[in-house]
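Here's a quick briefing for anyone opening this one up for the first time. Have a look at the fold, then read on.

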Amino acid sequence: MAKVTLYHYPSCTSCRKARQLLDELGAEVTERRYFTDKPTEAEIRELAKLMPGGVHDLVSRRSRRYKELGLDGRELSDDEWIALLAKEPGLWRRPIAVRGQRAVVGWDEQALRNLLA
């Protein structure tokens, strides 16, 4: 059985669809809820290593929190993004499914299926 860590927010439609698909595919899912079980800066650094675009792939530029913080057009260092993600769960793209050294960000049914293949 494939073991997957799912970083998500239960109220998010995309997160619910990803969880349902992982269940249907028989994955053993460990849930990490952004708002109640915030990832540490060290965990965020490890997740960023799995992303082609690094930490920038973890940030939801369409989120309400991104707009509220006035981040549009601002250039932040990786360390600044990591610190922000650690304290602002509303900035995360979601869901993020991790299996071993591979990860899928956002709702992408085929990518999630490939993650378990």
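Which residues are buried in α1? They are Cys15, Ala18, Leu21 and Leu22, where buried means under 20% relative accessible area with a 1.4 Å probe and protein chains only.

Bear in mind that this is a predicted model, where local features need pLDDT of at least 70, side-chain atom pairs count only at pLDDT 80 or more, and totals for chains, interfaces and linings use all residues. Residues are numbered from 1 along each chain as its sequence is written, and side-chain values use heavy atoms, leaving out hydrogens and water.

**Helix α1**
- Helix α1 covers residues 13-24; helices here are DSSP runs of H or I with at least four residues, strands are runs of E with at least two, and both are numbered from the N terminus.
- Looking down the axis of α1, its buried residues fall within an arc of 130 degrees, so they line one face of the helix; the arc is taken from the directions from the helix axis to the C-beta atoms.
- Those buried residues pack against β1, β2 and α5, with contact meaning heavy atoms within 4.5 Å.
- After α1 comes Gly26, with a positive phi near 80 degrees.

**The sheet**
- Four strands make an open sheet with mixed pairing, in the order β2-β1-β3-β4; two strands pair if DSSP finds at least two bridges between them.
- At the edges sit β2 (28-33) and β4 (102-105), each pairing on one side only.
- Strands β1 (residues 3-8) and β2 run parallel and are joined by six bridges.
- Across from Arg33 in β2 you'll find His8.

Key: The expected span of a helix is 1.5 Å times one less than its number of residues. Buried means under 20% relative accessible area, exposed over 50%, partly exposed in between (1.4 Å probe, protein chains only).
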